[in-house]
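The structure is shown first.

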Amino acid sequence: MLLLMVVTLYPFVNTLAVSLNNATDSIRGGIYLWPREFTLQNYSYVFNEATILGATFISIMRTVIGTIVTVFCSAMVAYTISRPDFVLRKFITIAFILTMYFNGGLIPNFLLIRDLGMINSFWVYIIPGIIGVFNLIIIRSFIEGLPESILESARIDGAGDFTTFAKIVLPLSLPVLATVALFTAVWQWNSWFDVFLYNSSEIKLSTLQYELQKILQNSNASMSAKSAGDAFANADNANANMVTPFSIRATMTIVASVPIILVYPFLQKYFVKGMTVGGVKG
């Protein structure tokens with residue numbers, strides 16, 4: 001376990017050290033666990049972009065709203081197709097699974113989004129991915145493992161499907177819902193290609209990942225006009241505020257990863273609970 005922990009943590013710690021190190025000095029290599037020439041210039045370069053704060057707000061809103069809506073809707077569908085008395089459960093399940101293997105392609109998807117009027121709209125981040133088939137299957141499998149006697153007791157007490165779902169199924173499914181919520185939140189937070197396709201002309205709807213991607217491209221473009229020798233020549237220049245694609249990439253990794261890492265402790269207890277429930281027999 002100690003070896004596994006070291007192997008897991010080292011890449012992140014090394015990336016953090018590079019992001020806090022002088023960019024031109026990082027080119028020399030030899031940075032492992034701590035920066036050799038500490039500086040915040042890389043972070044200053046990233047956060048000085050005028051669009052970063054607005055993009056961060058959009059990313060947070062997208063992640064929060066998208067995760068809540070996706071998890072709730074996926075749970076409703078999963079509960080429906082998990083019921084043995086639902087006649088179309090097999091047909092609908094197969095229809096969902098087929099979408100994991102076949103799709104119309106990029107251009108038909110773009111035409112569909114355009115015809116739905118979601119180009120340059122915030123809802124293009126939410127509605128197309130409102131049901132995740134993989135997450136749907138995970139939730140359905142968990143619900144099918146719940147004791148049927150509990151659901152039967154709710155029906156005997158006069159509870160309908162909506163009441164049973166809201167007051168029985170959802171509370172008992174918190175471990176799997178927390179897992180799916182983490183998967184969905186990571187996906188929503190890291191997504192940038194849909195921004196490029198549908199909202200690239202709308203600066204107000206740009207996300208943090210897309211803006212970081214543009215910063216990296218700008219950094220690559222600026223470095224293409226300079227040789228490595230120029231970088232070393234400027235290393236001793238106190239007035240040089242130079243960054244490199246290598247240092248910006250490390251900084252972007254930390255900026256993009258830390259928010260999701262901070263979310264995990266709030267979901268950890270549900271993972272532990274899920275393992276505890278799964279370990280109880282009979």
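**Notes on the predicted model**

1. Among contacts (heavy atoms within 4.5 Å) between residues at least 6 apart in sequence, 72% join residues at least 24 apart. The model is predicted: local features need pLDDT of at least 70, side-chain atom pairs count only at pLDDT 80 or more, and totals for chains, interfaces and linings use all residues. Residues are numbered from 1 along each chain as its sequence is written, and side-chain values use heavy atoms, with hydrogens and water left out.

2. The chain contains 14 helices and zero strands, taken as DSSP runs (H or I, at least four residues, for helices; E, at least two, for strands) numbered from the N terminus. Of its 282 residues, 36% are buried, that is, under 20% relative accessible area with a 1.4 Å probe, protein chains only.

3. Beyond its neighbours within four places in sequence, Ile 143 contacts Ala 75, Ala 78, Tyr 79, Ser 82, Val 169 and Ser 173.

4. Where helix 5 meets helix 7, Arg 89, Thr 93, Phe 96 and Ile 97 face Val 133, Leu 136, Ile 137, Arg 140 and Glu 144. The residues of this contact divide into five nonpolar, one polar and three charged, with Ala, Val, Leu, Ile, Met, Phe, Trp, Tyr, Cys and Pro counted as nonpolar, Asp, Glu, Lys and Arg as charged, and the others as polar.

Note on methods: Buried means under 20% relative accessible area, exposed over 50%, partly exposed in between (1.4 Å probe, protein chains only).
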